[in-house]
Amino acid sequence: MNHYLNINDLDNLQQTVQEAIELKKQPLKFEELGKGKTICLLFFNNSLRTRLSTQKAAQNLGMNPIVMNFGAEGWQLEYEDGIVMNQNKSEHVKEAAKVIAQYCDIVAIRAFASLTDKEKDLAEVVLNNFKKYAGIPVVNMESATGHPMQALADAITMEEYKVKHKPKVVLSWAPHPKALPHAVANSFIEMMQLQDADFVITHPEGYELDPNITKNSVIEYDQKKALENADFVYVKNWSSFKEYGEVMINNPEWMLTGDKMKLTNNAKFMHCLPVRRNVIVTDEVIDSENSIVIEQANNRTYSAQTVLKKILEDL
Ligand code: CP
């Protein structure tokens, strides 16, 4: 594999999930594979899980990870061609990407959506410019439109916990005080479109995601109806896609509660974390034995390790 920018960069999701489950049993089995190789992890935004799990994954493969909080500590980058750089941006991505590529064999990048400039966000300006100029493999650690490392971890987790071949999986919008990006929901949907599952998306009217992502996925505006007989409930907030980046309504009725979980088939509760308790989900649900959020976060290591292993094998 050359780059991992989208879940569809994987040749075969089901096989990759099985590889990750095997890797989880023997995480140090390929510790010679990355020997002498370096990965730069560039964070333009905050992180807990992605930063630590990707670093651990690289170390498990014998790699040397270099982590940089680019957003806080790097020069502000310019991405436009031919621009007169007489404002606040100090370095062009053309130099920055080429320089970084001299220090490492793989570059992994976290760069969230602006939620103000839809065109630029959809163009994945940061990720695609690094891909264009670095000339080394690029890994998406959550970009403007996707979080495929999370989606692979979610697929691994569902495979571990599913009790029937074709589970019902519900992705439910939930309220949040701030405008959040669409990346996690987008990648979860793209991942579910590769699964043999009964998949339903539920959200209030006005929160439709990018139709180029949702495609033919079932959308049910009645959350309670959507939750009936669900085997997995994945809860996530996102801001409006149509009224780009806006919080249209923030109805607390959409929070996931214990009463709503009673409608399900004893469903497992999933969330990518971090999560706002008693806003997105009640304490009762997230603290219940049906909550698998901690194992989901654990699987971020094996998701990242499987992706890095595939890239190392093709270097
Ligand atoms: N789920 C996730 O990506 O967590 P962090 O933002 O803490 O990395």
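Mentor: The buried residues of helix 2 are Arg49, Thr50, Ser53, Thr54, Ala57, Ala58 and Asn60, where buried means under 20% relative accessible area with a 1.4 Å probe and protein chains only. Viewed down the axis of helix 2, these buried residues fall within an arc of 160°, so they line one face of the helix; the arc is that of the directions from the helix axis to the C-beta atoms. An α-helix has 3.6 residues a turn, so residues three or four places apart point the same way. Helices here are DSSP runs of H or I with at least four residues, numbered from the N terminus.

This is a predicted model, in which local features need pLDDT of at least 70 and side-chain atom pairs pLDDT 80 or more, while totals for chains, interfaces and linings use all residues. Residues are numbered from 1 along each chain as its sequence is written, and side-chain values use heavy atoms, without hydrogens and water.

Now the ligand. The residues around the ligand include Arg49 and Thr50, along with Ser47, Leu48, Arg110 and His147, each having a heavy atom within 4 Å of the ligand. A backbone N or O atom of Leu48 is 2.7 Å from a ligand oxygen atom. Arg110 places a polar side-chain atom 2.8 Å from an oxygen atom of the ligand, and a side-chain N or O atom of His147 is also 2.8 Å from a ligand oxygen. Taken alone, the ligand exposes 250 Å², and the protein buries 92% of that, by the Shrake-Rupley method with a 1.4 Å probe.

Note on methods:
Polar contact = N/O pair within 3.5 Å; in protein donor to acceptor, adjacent residues only side chain to side chain. Buried < 20%, exposed > 50% of the residue type's maximum accessible area, 1.4 Å probe, protein only. Helix = DSSP H or I, 4+ residues; strand = E, 2+ residues; numbered from the N terminus.
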